[in-house]
Amino acid sequence: MDHFLYRDGALYAEDVPVSEIAAAVGTPFYVYSTATLQRHFKLFDDALDWADHLVCFAMKSLSNQAVLKVLADAGAGMDVVSGGEYARAKAAGVPGDKIVFSGVGKTADEMRQALKGGIRQFNVESEPEMAVLDRVAQDLGMVAPITVRVNPDVDAKTHAKIATGRSEDKFGIPISRAREVYAHAAKLKGLKVIGIDVHIGSQLTDLAPFEQAYGKVAELTEQLRADGHEISRLDLGGGLGIPYARSNAAPPLPSDYGALIERTLGHLDCEIEIEPGRLISGNAGLMVSKVIYVKEGEDRKFLIIDAAMNDLIRPAMYEAWHDIVPVVEATPGDAPATYDIVGPVCESGDTFTKGRAMAKVGSDDLIAFRSAGAYGAVMSSEYNSRPLIPEVLVNGDQFAVIRARPTYEEMIARDTVPEWL
Ligand code: LLP
């Protein structure tokens, strides 16, 4: 459920007409709903209320300071994957003991930054990383709390570019080698082993791969405890999918996911941590764009809009399907039209969808891409020197620009021309 609904034929973001935001900030733009963010966070939080737990928002999905503050105020921790994300989490007021550091290539500088600023735990992904973290922590006279990310060799049955739990993927250490790696970690004075981490992929629409992976984690927990390790925390990653298309069967609910975790891991009496991104932020955001031209092709109609692949890259990169709706609802009885919806960028890959049946629209009409809150703004770029598009946050009947569109002068001023030119 989200808070982008039609009232009297006009699309609203909570209590604000989307067209009013467009008039104030120009198009294209992203708009996020505070109530949807809060609601989705709470669904996960409630789903784990049977355990000592922390929901760490995977801020790679949406990392605007205002969004982080909404979630931090609701009680969320943060899952970060870079020094930049760590700095953003701290700047939004998230305490170090609610920040988890994930990622396959943490640098010594990033480790130092997090140790000095405070960290809940590092999810270590390899033996070389373990050695560097041990050295960095010892140099600082500190002990770094860690889990080891295990790769359970489970097929998450999602898009190949976002599956992470198969043996051919670059993530974690093979679960078959876990006991050996934990034995080694236990000998390192700069590290304290506290648990196990696993994350098998993103946009999972079925619970079966989670069940398989968590079953393996349960078994490993018992083995590692028998080996003498203290395993008191399980970080189970993110990955629960969202419905991108109305026609899609709805993916499992956070409550079903929480019940699965309780069933597979509840008996171990561990603190449970999860790292959802998409399910919290995805349906909390729209990307709104304006039609520039309707162009008649030989056998098709192109809707040329003012947003492009640099603003929302998911369709070009993952063949992702986003529901696209008019901001002014079609009058009942109006015949729908079929469009190839494309942006102005000079490559054919700048295509959002082909042969899409939707309400008939014309030049200057507004359209909205649903489910664009996750991996939308954060993956955008200024390709073709198109300024990063603004982000807007709505809360009830108020809205505010939370990242402004840069001017051309600001974009140009980021470059430096050497004086010897
Ligand atoms: N934890 C770890 C270690 C991750 O690598 C990820 C996502 C998450 C949590 C959050 O997963 P989520 O709950 O959002 O599925 N750009 C792609 C998605 C990349 C996901 C990367 N890792 C897309 O637009 O579909």
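These notebook entries record what I looked up in a predicted model.

**Entry 1: helix 6**

I began with helix 6, which covers residues 127–139. I checked its length: 13 residues at 1.5 Å a residue should span 18 Å, and the end C-alpha atoms are 18 Å apart, so the two values agree. At the start of the helix, I found a side-chain oxygen of Ser126 within 3.2 Å of the backbone nitrogen of Glu129. After the helix comes Gly141, and I noted its positive phi, near 70°.

I then asked which residues of helix 6 are buried. They are Glu129, Met130, Leu133, Asp134, Val136 and Ala137. As a reminder to myself, an α-helix has 3.6 residues a turn, so positions three or four places apart point the same way.

**Entry 2: His199**

Next I located His199 in the loop between strand 11 and helix 8 (208–226). Is His199 buried or exposed? Its relative accessibility is 18%, and because buried means under 20%, His199 counts as buried. Setting aside neighbours within four places in sequence, I listed its contacts as Arg149, Thr164, Gly165, Gly237, Gly238 and Gly239.

**Entry 3: Val417 and the surface**

Finally I turned to Val417, in the segment after helix 12 (408–413). Val417 has 63% relative accessibility and therefore counts as exposed. With Trp420 and Leu421, Val417 makes a nonpolar surface patch of about 450 Å².

Notes: Residues numbered from 1 in each chain as written. Predicted model: local features only at pLDDT ≥ 70, side-chain atom pairs only at ≥ 80, totals over all residues. Heavy atoms only, no water. Patch = residues over 30% accessible without salt bridge, like charges linked within 9 Å, V, L, I, M, F, W, Y side chains within 5 Å. Areas by Shrake-Rupley, 256 points an atom, 1.4 Å probe, with all protein chains shown as cover. Salt bridge = Lys/Arg side-chain N within 4 Å of Asp/Glu carboxyl O. Helix = DSSP H or I, 4+ residues; strand = E, 2+ residues; numbered from the N terminus. Buried < 20%, exposed > 50% of the residue type's maximum accessible area, 1.4 Å probe, protein only. Expected span 1.5 Å × (residues − 1). Polar contact = N/O pair within 3.5 Å; in protein donor to acceptor, adjacent residues only side chain to side chain. Contact = heavy atoms within 4.5 Å.
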